[in-house]
Amino acid sequence: MTKGLLSVFTGDGKGKTTAALGVTFRALGHGQKVCFIQFIKGRWQSGEAIWSERFPGLLGFHVMGRGFTWKSEDMEKDRQAAREAWDFAVGMINGNTWDVIVLDELTYLIHYAMIPEEEILEVFSGKPASLHLIITGRYASEGLLQAADLVTEMRAVRHPFTSGIKAQKGFDY
Ligand code: ATP
Ligand code: MG
């Protein structure tokens with residue numbers, strides 16, 4: 001039986017979401033079912049969101065960030081959106097129908113105190129035994145790092161953005 005891992009891809013270097021997509025690609029190749037939940041909505045429709053439609057039943061792709069910005073124009077609304085997104089993820093985890101679940105940019109829910117860390121860790125500790133859970137995002141909290149079986153920190157050495165090169169379709173989104 002599979003030993004489901006809790007993995008965290010964090011740090012300020014590029015590659016966290018890309019690494020989670022790499023696992024997604026790999027698992028789908030073996031016919032495994034992957035649920036990819038994005039907690040923050042990007043400005044552009046991503047290649048992965050478009051591609052996900054080609055794997056009905058095998059790849060669930062959900063962008064939950066609509067409406068919240070973390071810039072707290074309306075803190076209560078942001079909190080509610082975060083709560084709805086998290087509740088959705090909990091349903092997916094406890095539903096026990098996926099081999100891999102990616103919670104992309106989940107770290108910000110803890111970092112901005114939208115959802116208590118203890119509540120999130122409790123759900124993780126009760127996850128189905130064979131489920132691989134992957135968390136991405138900067139500023140992973142101490143408790144999350146302690147709970148994880150695998151932690152990789154992407155370190156920014158150089159990024160084209162600092163030379164004025166903007167995000168590019170295909171490479172960045
Ligand atoms: P990617 O989605 O490319 O794997 P990521 O998940 O590691 O990146 P995020 O913190 O989620 O990084 O930020 C996503 C966007 O910010 C991407 O367009 C990425 O190119 C850009 N980015 C990531 N790291 C840096 C950095 N160190 N400096 C500037 N921009 C960055
Ligand atoms: Mg990311």
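**A parallel sheet, its helices and a magnesium site**

In this predicted model, helix 1 lies across strand 1, strand 2, strand 3, strand 4 and strand 5, and runs at about 160° to strand 2. Helix 3 (residues 75-95) also packs on the sheet, where it touches strand 2, strand 3, strand 4 and strand 5. The direction of helix 3 makes about 165° with that of strand 4.

The sheet itself is open and consists of 6 strands in the order 3-2-4-5-1-6, with parallel pairing. Its edges are strand 3 (59-63) and strand 6, each of which pairs on one side only. From one strand to the next, the twist averages 10°. Within this arrangement, strand 2 (residues 34-38) is joined to strand 4 in the parallel sense by 5 bridges; valine 34 has valine 100 of strand 4 as its bridge partner.

Strand 1 (residues 6-10) is mostly covered, with 5 of its 5 residues buried. In a regular strand, side chains alternate between the two faces of the sheet. Here Leu6, Val8 and Thr10 point one way, while Ser7 and Phe9 point the other way. Strand 1 is joined by 4 bridges to strand 5 (residues 132-136), the two running parallel, and phenylalanine 9 stands opposite threonine 136. A parallel pairing over 4 bridges also links strand 1 with strand 6 (residues 150-153), in which valine 151 is the bridge partner of valine 8.

The magnesium ion (ligand 2) has Thr17 (OG1) and Glu105 (OE) as its protein donors, lying 2.1 Å from it. This pair links distant parts of the chain, 88 residues apart: threonine 17 belongs to helix 1 (residues 16-29), and glutamate 105 to the loop between strand 4 (100-104) and helix 4 (107-111). Both threonine 17 and glutamate 105 are buried.

Note on methods: Residues are numbered from 1 along each chain as its sequence is written. Chains are lettered from A and ligands numbered from 1 in the order in which they are written. This is a predicted model: local features need pLDDT of at least 70, side-chain atom pairs count only at pLDDT 80 or more; totals for chains, interfaces and linings use all residues. Side-chain values use heavy atoms; hydrogens and water are left out. Buried means under 20% relative accessible area, exposed over 50%, partly exposed in between (1.4 Å probe, protein chains only). Two strands pair if DSSP finds at least two bridges between them. Donors are N, O and S atoms within 2.8 Å of the metal (3.2 Å for Na, K and Ca); water is not among the atoms, so sites may look incomplete. Axes are lines fitted to C-alpha atoms, for helices over the stretch in contact, and angles run from 0 to 180 degrees between N-to-C directions. Contact means heavy atoms within 4.5 Å.
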